[in-house]
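Work through the exercises below with the sequence and the model open. Each task is followed by a solution in steps.

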Amino acid sequence: MSVDLTPETSDADAAGPRPATALWFTAARTAALRDERVSPPGPGQVTVRAIVSLVSAGTEMLIYRGEGAGDLGLETCEGSFDFPVKYAYQVVGEVIETGPDTSFAPGDIVFARHPHQTCFTMNSEGGLMVKVPDSMAPERAAFLNLLSVALTTQLDVPTRFGDCVVVYGQGVVGSLAAQLARRTAGQLFVVDPIASRREQALAWGADLALTPADAHEAIVSATGGRGTDIAIEASGTGPALQAAINVTGQEGTIAVVSFFGTKVVPLVLAPVVELRRQHIISSQVSSLGSGLQPRWNPARRDATSARLLQQDWLQTPVSHRLPFAQAPEAYQLLDTAPAEVLSVVLSYE
């Protein structure tokens, strides 16, 4: 059955609900397109027509597989992790209608922390929406949230000049975190089981790109037995977190950026953590820590990410582009062929 994904935008319909199509997870490993009715914008709200959206291969896939935990955390999402659930947060679109008391205007291109949906109305002033710079392509802007996730690791555990840093996992977040650390790191190592991701890391400037089996010995050797100053765990796997602990040196820091959901992650902490007096911190994007709150807030972090996305050295590679009508296929690809897929952009044209 064909699905019309183009929302009505005529003047006659502007005053009433608009038809739209959204992506829902209806059961474990099941994604489906559902019809929606989008209300007109009220005070502080805008209605957005989607242009592109980016699938998060970390958190979204965890939820797709039925491993989500806790509450949804975003007012734009619906349902529950017990299914059905509408959950995602990376859409770039055009404002097509506004209510009163908003700083946005029709025609603005915005990044919205909203699930994948052809058209939607949401609050515009609560930090979930960011105006995209005029010079930035929508596909590039779709990475703003994941770059903010990666940037949080540097806000929590800044890389000092000369530091030795290792990043476990070279998906989108791991790659972005490593590229940010590269700006000041004395030595930068990345670890990933997928050869194409290791090759990509070497191309943008990692010193070593290692398989999980080879990483510990190679890093200990490269650091003269000292171990790393900072390890960033961005793979979402227990063995990688254990490996990060084992390779981090005396009073070094392990920053955990991954969302583990319902996964049970057994760790061996003795004697390494105790004897080395290591610091293990949660570098979670939902809030800002490390005493930064007097000066930093999510809006400043997003603005910083937007400026970083305007710099050519930062790579945001897209491996797959699919029309939104084929969105369920994106999750099947990421679930069954992770070695072939880095990031998936959905197009709403």
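**Exercise 1. The nonpolar cores**

How many residues does the largest nonpolar core have, and which residues have the most contacts inside it?

Solution. The model is a predicted one.

Step 1. The largest nonpolar core has 50 residues. Val165, Leu188 and Ile232 are those with the most contacts inside it.

Step 2. Next, assign the core to elements. Two or more residues each come from strand 3 (45–55), strand 10 (164–168), strand 11 (187–191) and strand 13 (228–233), and also from helix 4 (144–156), helix 5 (172–182), helix 6 (195–204) and helix 10.

Step 3. Take Leu188 and leave aside its neighbours within four places in sequence. Its contacts then include Val165, Val167, Ala178, Ala181 and Trp204. Arg182 and Asp207 are also among the residues that Leu188 contacts.

**Exercise 2. Salt bridges around one aspartate**

Find the salt-bridge partners of Asp335 and state what each pair ties together.

Solution. 

Step 1. Arg29 forms a salt bridge with Asp335, at 2.7 Å from N to O. Arg29 is in the loop between strand 1 (18–27) and strand 2 (30–38), while Asp335 is in helix 11 (residues 327–336), so this pair ties together parts that are 306 residues apart in sequence.

Step 2. Compare the accessibility of the two residues with the cut-off for buried, which is under 20% relative accessible area. Asp335 has 19% and therefore counts as buried. Arg29 has 46% and counts as partly exposed.

Step 3. Arg65 also meets Asp335 in a salt bridge, at 2.8 Å from N to O. Arg65 lies in the loop between helix 2 (59–64) and strand 4 (78–79), and Asp335 in helix 11, so the parts tied together here are 270 residues apart in sequence. Arg65 is partly exposed, at 26% relative accessibility.

**Exercise 3. A further salt bridge and the whole count**

Is the pair Asp302 and Arg113 made of buried or exposed residues?

Solution. 

Step 1. The closest N and O atoms of Asp302 and Arg113 are 2.8 Å apart, in a salt bridge. Asp302 is part of helix 10 (residues 298–309) and Arg113 is part of the loop between strand 7 (109–112) and strand 8 (119–123), so the pair ties together parts that are 189 residues apart in sequence.

Step 2. Asp302 is buried, at 4% relative accessible area. Arg113 is buried as well, at 9%.

Step 3. Through shared partners, salt bridges join Arg29, Arg65 and Asp335 into one network.

Step 4. Over the whole structure, the search finds 13 salt bridges.

**Exercise 4. Backbone checks**

Solution. 

Step 1. Phe83 and Pro84 are joined by a cis peptide bond with omega of about -5°. Pro84 is in the loop between strand 4 and strand 5 (85–86).

Step 2. Phe83 lies in that loop too, between strand 4 and strand 5. Its phi is near 80°, a positive value in a residue other than glycine.

Step 3. Ala270 and Pro271 are joined by a cis peptide bond with omega of about 0°. Pro271 is in the loop between strand 14 (248–256) and helix 9 (272–276).

Step 4. Return to Arg29 from Exercise 2. Arg29 has a positive phi, near 60°, and is a residue other than glycine.

**Exercise 5. Surface and overall form**

Solution. 

Step 1. The patch consists of Leu267, Leu269 and Ile280, which together have about 220 Å² of accessible area. Ile280 is in strand 15 (residues 279–282) and is partly exposed, at 42% relative accessible area.

Step 2. The accessible surface of the chain is about 15000 Å², and carbon and sulfur atoms hold 51% of that surface. Of the 349 residues, 53% are buried.

Step 3. Along the principal axes, the C-alpha atoms fill a box of roughly 70 × 40 × 35 Å.

Step 4. The chain has 11 helices and 17 strands. Among contacts with a separation of 6 or more, 65% are between residues 24 or more positions apart.

Key
Residues numbered from 1 in each chain as written. Predicted model: local features only at pLDDT ≥ 70, side-chain atom pairs only at ≥ 80, totals over all residues. Heavy atoms only, no water. Patch = residues over 30% accessible without salt bridge, like charges linked within 9 Å, V, L, I, M, F, W, Y side chains within 5 Å. Areas by Shrake-Rupley, 256 points an atom, 1.4 Å probe, with all protein chains shown as cover. Salt bridge = Lys/Arg side-chain N within 4 Å of Asp/Glu carboxyl O. Helix = DSSP H or I, 4+ residues; strand = E, 2+ residues; numbered from the N terminus. Buried < 20%, exposed > 50% of the residue type's maximum accessible area, 1.4 Å probe, protein only. Core = buried A, V, L, I, M, F, W, Y, C linked by side-chain atoms within 4.5 Å. Contact = heavy atoms within 4.5 Å.
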